Amino acid sequence: MFTFVALGVETMEPTGADGPSLATNVIEMTFSHDLVPQIGWTLLAGAIAFAVTRHRLFAGVAMALSLGHWLGDLVSGYGHHVFGPDSHPLGTDWYHLNLPAALTFEAALGVLCVFIFTRGRSFSTPAQTGLYALFGVVPFVFLIV
């Protein structure tokens, strides 16, 4: 999305009388986050992973991560559409409607990912604590930024 914003293909415009925040951004992300392009991004992620590794499992994981990101955005992110702002809306649009709930979901998902990533691996207590803090606490910084 940030690449498309930098190229002028998509927009992210901060608004708000009290200064910009996640809850007051006007976002248009048709090509990076809408359903139709997401199908293409998921297939592309799998194709690149397979081309690089020649392992179907790795390609499947890349596709699952791409799709998982999109599904997570449907729960907590900005509103998405089938294809373009004039198409059927999808998702909760919690970043606009309930930012604390969105960030709580993001933090919980981050903590779950850290748990899965560190399970069965040798991580020092400070490293593991740092990962949990990074993914479990940092999303709430956006409430004050």
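This is a predicted model: local features need pLDDT of at least 70, side-chain atom pairs count only at pLDDT 80 or more; totals for chains, interfaces and linings use all residues.
## Overall fold

The protein chain has 7 helices and 4 strands. Along the sequence they run α-β-β-α-α-α-β-β-α-α-α. Taken along the principal axes, the C-alpha atoms fill a box of roughly 50 × 35 × 25 Å.

The protein chain has 145 residues, and 26% of them count as buried. Take the contacts between residues at least 6 apart in sequence: 45% of these join residues at least 24 apart.

## The largest pocket

The largest pocket holds about 890 Å³ of space. It is lined by 32 residues, and the closest to its centre are His69, Asp73, Ser76, Tyr95 and Glu106. By class, the lining has 20 nonpolar, 10 polar and 2 charged residues.

Helices α4 (56–76), α6 (99–118) and α7 (125–137) each supply at least two residues of this lining. The largest share comes from α4, with 7 residues.

## Asn25

Asn25 sits in the loop between β1 (11–13) and β2 (26–28). Is Asn25 buried or exposed? Its relative accessible area is 9%, so Asn25 is buried; the cut-off for buried is under 20%.

Leaving aside residues up to four places away in sequence, Asn25 touches Met12, Glu13, Pro14, Thr15, Tyr78 and His96. With Tyr78 there is also a side-chain link: a polar contact of 3.3 Å joins the side chains of Asn25 and Tyr78.

Key: Residues are numbered from 1 along each chain as its sequence is written. Side-chain values use heavy atoms; hydrogens and water are left out. Buried means under 20% relative accessible area, exposed over 50%, partly exposed in between (1.4 Å probe, protein chains only). A polar contact is a pair of N or O atoms within 3.5 Å; within protein, one must be able to donate a hydrogen and the other to accept it, and residues adjacent in sequence count only if both atoms are side-chain atoms. Contact means heavy atoms within 4.5 Å. On a 1 Å grid over the protein atoms alone, a cavity is a set of points where a 1.4 Å probe fits but cannot get out, and a pocket is an open set with protein on both sides within 12 Å along at least five of seven lines; lining residues have an atom within 4 Å of a point. Grid points are joined across faces, edges and corners, and a volume is the space filled by probe spheres set on the points. Ala, Val, Leu, Ile, Met, Phe, Trp, Tyr, Cys and Pro count as nonpolar, Asp, Glu, Lys and Arg as charged, and the others, Gly among them, as polar.
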